[in-house]
Amino acid sequence: MEIVISRKLKKTPVYDAYWKFACERMTIYYKRVSGDDELLTKDDIIKKHKFTNAYRAIDRISQYLIKEIIRPDEDSDRDYSDRIFRILLFKTFNKIETWESLEHHVGDVSWRNYDFERFNEVLSKKITSNQRIYSAAYIMASGKKSFGYERKHENHLKLLEYMIKDELAKKITDCKNMESLYHLLKKYPTIGEFLAYQYATDINYSSITDFSEMEFVKAGPGSIDGISKCFLSNEGYSPEDIIKHVTENQDYEFERLGLSFQNLYGRKLKLIDCQNLFCETGKYARIAYPEYPGVSKRKKIKQLFRPTSIIEQPCLPEKWNIDFSMER
């Protein structure tokens with residue numbers, strides 16, 4: 001159902017910056033894909049600081065998940081339990097180096113090859129060597145109250161054990177839409193609202209489910225902060241209502257601002273992408289619009305941009321039927 005936002009919802013200059021930011025991020029992305037790295041952007045804030053892409057699926061971590069884990073698994077004889085275990089294990093730590101360290105030391109990282117002691121030993125040694133095993137993307141609850149271990153990663157391994165033994169794979173295949181998958185995941189210990197939505201999105205990149213990314217959204221703390229900078233008040237609308245509204249009206253907004261938005265090979269922004277964009281715009285506004293402090297009141301962007309290797313044409317879910325020759 002289309003969400004109609006009241007005209008009483010007063011916009012700040014950050015709202016227009018939201019659309020300009022999305023446009024600039026995609027311009028930069030396609031420049032990098034084409035190998036044109038000489039002048040990525042004239043925006044000094046984007047040039048200096050690290051931001052995610054406009055589309056979640058083309059960020060580095062999502063690309064690794066899709067290309068190196070989901071796609072190979074779909075061409076193998078792995079059952080759903082194995083595939084879900086691998087997706088959730090990777091996303092629990094959300095760090096490529098942690099996954100590759102497990103692969104190096106235990107071989108096949110899978111439910112059928114899983115052993116708590118072996119996996120725990122690898123991760124504990126990394127910690128002892130002062131290596132981080134989690135990314136900073138999500139705040140992860142320790143799980144000690146639920147599983148009793150002192151170290152967070154031990155509780156998370158036990159959580160994954162519990163989920164798979166609880167016939168999670170079968171329960172997922174019984175889900176009818178993204179929202180039901182979200183509620184299923186949220187029932188498990190330590191998995192809060194935002195993390196459940198992120199995990200549901202990751203699982204939905206695979207062929208295990210085939211849910212529309214326009215069915216359901218859950219705003220995270222960063223997104224709520226960004227929304228609070230884009231509007232003077234929410235006028236009773238939920239963050240999710242606002243995300244749905246901007247997603248449904250993206251063509252109008254780009255046209256209103258005279259912006260030429262290069263979408264993802266014909267794929268428009270979805271709810272998950274616009275949710276992320278509010279988070280990133282909120283970060284951008286810390287420097288560009290300090291007069292709008294939002295709910296977080298944060299003033300600095302911690303992470304700086306450091307160019308990595310050349311970006312290749314993305315690996316995207318096959319069910320999206322992306323035509324890479326299509327004009328953007």
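Predicted model: local features only at pLDDT ≥ 70, side-chain atom pairs only at ≥ 80, totals over all residues.
**Glu-167.** I found Glu-167 in the loop between helix H8 (152-165) and helix H9 (168-173). I then checked its backbone. Glu-167 is not a glycine, yet its phi is positive, about 60 degrees.

**Tyr-265.** I looked up another positive phi. Tyr-265 has a phi near 50 degrees, and this residue too is other than glycine. Where does Tyr-265 sit? I placed Tyr-265 in the loop between helix H14 (250-256) and helix H15 (271-288).

**Thr-41.** I moved to the loop between helix H1 (13-33) and helix H2 (44-48), where Thr-41 is found. Thr-41 has 5% relative accessibility, so I noted it as buried. Which residues does Thr-41 touch, leaving out those up to four places away in sequence? I listed Glu-24, Ile-28, Ile-46 and Lys-47. With Glu-24 there is a polar contact, side chain to side chain, at 2.5 Å. I also checked Asp-43. The backbone nitrogen of Asp-43 lies 3.0 Å from a polar atom of the Thr-41 side chain.

**Helices H4 and H5.** I turned to a helix pair. Two packed helices are described by the angle and the distance between their axes. I read off both for H4 (residues 80-93) and H5 (residues 96-106). The axes come within 8 Å and cross at roughly 130 degrees. I noted the crossing of H4 and H5 as right-handed. Which residues make the contact? From H4 I wrote down Arg-86, Leu-89, Phe-90 and Phe-93. From H5 I wrote down Ile-96, Thr-98, Trp-99 and Leu-102. I sorted the contact residues of H4 and H5 by type: six are nonpolar, one is polar and one is charged.

**Ser-228.** My last entry is Ser-228, in helix H12 (residues 221-230). Its relative accessible area is 27%, so Ser-228 is partly exposed. What does Ser-228 touch, not counting residues up to four places away in sequence? I found Gly-294 and Val-295. I also looked at Asp-210. Ser-228 and Asp-210 are 18 residues apart in sequence. In space they are 32 Å apart, C-alpha to C-alpha.

Note on methods
Residues numbered from 1 in each chain as written. Heavy atoms only, no water. Axes fitted to C-alpha atoms, helices over the stretch in contact; angles between N-to-C directions. Helix = DSSP H or I, 4+ residues; strand = E, 2+ residues; numbered from the N terminus. Left-handed = near helix turned anticlockwise from the far one by under 90°. Contact = heavy atoms within 4.5 Å. Nonpolar A, V, L, I, M, F, W, Y, C, P; charged D, E, K, R; others polar. Buried < 20%, exposed > 50% of the residue type's maximum accessible area, 1.4 Å probe, protein only. Polar contact = N/O pair within 3.5 Å; in protein donor to acceptor, adjacent residues only side chain to side chain.
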